[in-house]
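Biologist: I am new to this structure and would like to learn how to read it. Please take me through the features one at a time.

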Amino acid sequence: MSLIVWNDDLKIGINEIDTQHKKLVDLLNELYDAMQAGKSKEVMGKVIIELSNYTITHFSNEERYFKQFGYVDIEDHMLAHKSFINKIKGFRNDFQAGDISVSSEMMRYLKDWITKHINVSDRKYVELFKKNGL
């Protein structure tokens, strides 16, 4: 069973961003499934690294558009991105240092943050991005 079910409620209507959001959700679900199945440290470590790296890639892409289109809430949005990246990096570092548990609290945090960020923060830039051709 998935942690997050990708559906129309999570789509913001910008294909490029929706595709990236779906990839993040898929990676989070892959991590959740690996945790539930008691997969090896190597499998879970690979997924954590991929989630961490893809998150950075996605955020960089959004931030490039923020700068290009003159998004007014750029500072707050980038601060939220930085906070999430730091949380993921901390989680990855703990895991690599031998704390191989993926707590339900961490999974809940990731789920809540991603869904709230998409449904609240990211929806704020949709009109601007669409106006600029995305």
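Biologist: Which residues do ring pairs link into a cluster?

Modeller: Rings of Phe, Tyr and Trp (its six-membered ring) pair if their centres lie within 6.5 Å; planes under 30 degrees apart count as stacked, over 60 as edge-to-face and the rest as tilted. Here ring pairs join Tyr-65, Phe-66, Phe-69, Tyr-71, Tyr-125 and Phe-129 into a cluster.

Biologist: What should I know about the model before going on?

Modeller: This is a predicted model, in which local features need pLDDT of at least 70 and side-chain atom pairs count only at pLDDT 80 or more, while totals for chains, interfaces and linings use all residues. Residues are numbered from 1 along each chain as its sequence is written, and side-chain values use heavy atoms, with hydrogens and water left out.

Biologist: How many aromatic pairs are there by this rule?

Modeller: The count comes to twelve aromatic pairs. One of them is the stacked pair of Phe-84 and Trp-113, with 4.0 Å centre to centre and 20° between the planes.

Biologist: Which helices hold Phe-84 and Trp-113?

Modeller: Helices (H or I, at least four residues) are DSSP runs, numbered from the N terminus. Phe-84 lies in helix H3 (residues 74–96) and Trp-113 in helix H4 (residues 104–121), so the pair ties together parts that are 29 residues apart in sequence.

Biologist: Is Phe-84 buried or exposed?

Modeller: Buried means under 20% relative accessible area, exposed over 50%, and partly exposed in between (1.4 Å probe, protein chains only). Phe-84 has a relative accessible area of 2%, so Phe-84 is buried. Trp-113 is buried as well, at 17%. Another stacked pair is formed by Tyr-125 and Phe-129, with 4.1 Å centre to centre and 25° between the planes. Both Tyr-125 and Phe-129 are buried, and both belong to the ring cluster.

Biologist: Where does the charged end of Lys-23 sit?

Modeller: A charge sits over a ring if NZ of Lys or CZ of Arg is within 6 Å of the ring centre and within 35 degrees of the ring normal. The charged end of Lys-23 is placed over the ring of Tyr-54, 5.9 Å from its centre. Arg-64 lies over the face of Tyr-65, at 4.5 Å from the ring centre. Tyr-65 is also one of the residues in the ring cluster.

Biologist: At what angle do H1 and H2 pack?

Modeller: Axes are lines fitted to C-alpha atoms, for helices over the stretch in contact, and angles run from 0 to 180 degrees between N-to-C directions. Helix H1 (residues 15–36) packs against H2 at an angle of about 160°, and their axes are 10 Å apart. Angles under 35 degrees count as roughly parallel, over 145 as roughly antiparallel, 65 to 115 as roughly perpendicular and the rest as oblique. H1 is therefore roughly antiparallel to H2.

Biologist: Is the crossing of H1 and H2 left-handed or right-handed?

Modeller: A crossing is left-handed if the near helix is turned anticlockwise from the far one by less than a right angle, and right-handed if clockwise. H1 passes H2 in a left-handed crossing.

Biologist: Which classes of residue make up the contact of H1 with H2?

Modeller: Ala, Val, Leu, Ile, Met, Phe, Trp, Tyr, Cys and Pro count as nonpolar, Asp, Glu, Lys and Arg as charged, and the others, Gly among them, as polar. The contact of H1 with H2 has 14 nonpolar, five polar and seven charged residues.

Biologist: At what angle do H2 and H3 pack?

Modeller: The angle between H2 and H3 is about 165°, with their axes 10 Å apart. That makes H2 roughly antiparallel to H3. H2 passes H3 in a left-handed crossing, and their contact divides into 14 nonpolar, seven polar and six charged residues.

Biologist: How do the axes of H1 and H4 cross?

Modeller: The axes of H1 and H4 come within 11 Å and cross at roughly 165°. H1 and H4 are therefore roughly antiparallel to each other, and their crossing is left-handed.

Biologist: Where is Thr-57 found?

Modeller: Thr-57 is in helix H2 (residues 41–69). Thr-57 counts as partly exposed, at 48% relative accessibility.

Note on methods:
Helices (H or I, at least four residues) and strands (E, at least two) are DSSP runs, numbered from the N terminus.
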